[in-house]
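Thanks for coming. I'll go through a few points on this one, starting with where the chains meet. Here is the entry.

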Amino acid sequence: MQAQINSQVSSQIVVENLNHMYRPARGQPVLAVDNVSLEVRPREFLALLGPSGCGKSTLLYLMGGFLPVEKGRILIGGKPVTGPGPDRGVVFQHFALFPWKTVRANVLYGLERAGLPKNERLKRAQAYIDMVGLQGFEDSYPSQLSGGMRQRTAIARTLAIDPDILLMDEPFGALDAQTRSLMQSELLAIWRRSPKTVIFVTHDVQEACYLAERVAVMSARPGRIKAIVETKFDRSDPHLFKQPAFIDKVDEIWALVRNEAMLAQRLEAH
Amino acid sequence: MARWTASLFRYSPLLILAALWEAVAQLGLVARSALPPLSDVIKAWFALAVTSDFWFNAVDSLYRTFAGLALAVVVGAAIGIAMASSKPVRAVLNPIVEVFYPLPKSALIPVTALWLGFGDMSKILLIFLGCMLPVTLGAYNGARGSEQTLMWSARSLGASRWRMLMDVVFPSAVPEILNGVRTALATSFVLLVSSEMIAARSGLGFMIGFLGDGGNFDAMFAVVFTVAFMGFIADRLYQYAMQRTLQWR
């Protein structure tokens with residue numbers, strides 16, 4: 001019981017008064033994240049929603065430890081983030097698979113770093129490859145796979161190391177509509193089987209509403225948290241997308257995002 | 001069989017060239033001392049091939065080339081990757097590379113001979129110096145182009161910085177490194193032959209100079225052919241190895 005409580009605590013994320021300056025190689029620094037505070041409960045599925053360029057990916061990269069925290073704090077399980085680590089698994093929009101490694105070798109990579117014995121590694125890699133439905137493609141290279149299969153590989157690679165936290169940066173953004181909808185239900189099924197804290201960055205309102213328990217809506221540059229909306233629905237309902245309560249919620253969030261999206265467009269035009 | 005005839009067809013321009021050469025020389029259109037008939041050159045080659053001297057020289061040349069090249073590839077790739085991944089290293093080495101890259105490496109022939117004499121080491125050093133920079137630049141450009149999210153993925157999967165360098169940055173740079181190696185391969189043969197002609201007592205380049213000075217032009221051409229053929233084979237082997245290495249693309 002004690003262990004369970006500890007693992008719950010270690011998957012808690014607290015963001016306090018976080019600021020981040022984006023410093024391009026040329027030109028003026030831009031405030032990308034402006035005084036963001038956020039508490040993500042252990043094993044919660046939270047969507048970060050906002051227009052493009054609002055800093056939602058930057059916020060995710062800060063949580064991942066890929067960018068230095070300069071002002072404010074990010075605490076994971078009570079400890080400040082100092083760099084990347086296998087406690088936080090990451091899934092990127094463009095998959096970020098090692099192109100020179102096969103599907104199996106990609107999934108094995110994190111298990112090798114963890115120093116697991118060889119038999120254990122192979123068994124575990126196979127289990128996750130099977131879970132995402134890629135049996136038969138173990139020896140294929142990423143260039144030989146479809147977008148959906150590449151993202152499945154990336155998800156298997158990340159889940160194989162069993163991180164407490166899953167950071168997903170528009171993971172289905174590069175997929176076609178059908179593949180995306182399939183991957184969404186697969187992700188929910190995986191999450192239900194082994195609940196992890198999930199931060200899911202997206203600009204798709206319906207996707208956020210469907211997947212997440214809470215949606216944090218971000219404003220256009222500089223990125224602030226504009227509102228946090230509860231979005232708890234019965235996700236096993238095959239007609240969820242047609243339920244009035246769901247449609248109303250999508251409308252409500254869409255209204256919050258619309259202004260920001262228009263503002264973001266104007267910012268991009270400049 | 002089909003493949004064999006296909007490559008025969010591919011190289012048929014060479015056969016035509018050979019026939020032209022033979023005809024021009026046999027008809028006496030050029031002086032014999034300028035261009036002996038191809039058939040005589042081939043005869044001279046077989047005469048050389050039965051002497052142990054020829055093979056000792058060939059082995060010397062091969063050893064010098066590959067020792068120099070191997071050093072150039074290993075050191076060049078390491079330096080290029082170090083420059084790409086560390087600002088201080090880049091600040092120190094960039095100006096040095098910029099100045100030395102356009103330097104004609106054959107100008108170093110007397111220098112390496114002065115330092116290390118007429119033996120193997122001066123050739124190895126020369127080829128190493130002459131071939132390192134193309135590899136360095138390839139590794140540098142390739143490593144700089146390695147994708148941010150790939151590096152991040154490795155780190156979040158538990159890789160240390162050093163492991164990330166070896167597992168992501170280096171393999172990302174391999175295609176560009178291999179391009180640099182191809183340039184280096186061609187340069188190495190140029191440097192080998194010219195340095196052996198100028199400052200050596202053995203090697204195929206030395207033989208070319210020696211036979212030419214002695215007026216033995218049939219044999220001189222035979223050695224020139226040998227060197228050309230070695231370069232060709234090395235390039236083919238390189239191409240084959242590159243395809244094998246990059247099969248993931």
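The contact between the two chains draws on 21 residues of chain A and 12 residues of chain B. On the side of chain B that touches chain A, helix α8 of chain B, residues 148-156, gives the most, with 6 residues. Sorted by class, that side of chain B has 6 nonpolar, 4 polar and 2 charged residues. Keep in mind that this is a predicted model.

Next, helix α3 of chain A, which covers residues 103-113. Which of its residues are buried? They are A:Val103, A:Asn106, A:Val107, A:Leu108, A:Tyr109, A:Gly110 and A:Leu111. What covers them includes two helices of chain A, α4 at 118-131 and α5 at 147-160. After α3(A) comes A:Gly115, and its phi is positive, near 75°.

Is A:Val14 buried, exposed or partly exposed? It is partly exposed, because 15 other C-beta atoms lie within 10 Å, and the partly exposed class falls between the exposed limit of 12 or fewer and the buried limit of 20 or more. If we leave aside neighbours within four places in sequence, A:Val14 is in contact with A:Glu39 and A:Leu75. As for A:Ala160, 146 residues apart from A:Val14 along the chain, the C-alpha atoms of the two are separated by 25 Å.

That's what I have on this one.

Terms used:
Residues numbered from 1 in each chain as written. Chains lettered and ligands numbered in written order. Predicted model: local features only at pLDDT ≥ 70, side-chain atom pairs only at ≥ 80, totals over all residues. Helix = DSSP H or I, 4+ residues; strand = E, 2+ residues; numbered from the N terminus. Contact = placed C-beta atoms within 7 Å. Nonpolar A, V, L, I, M, F, W, Y, C, P; charged D, E, K, R; others polar.
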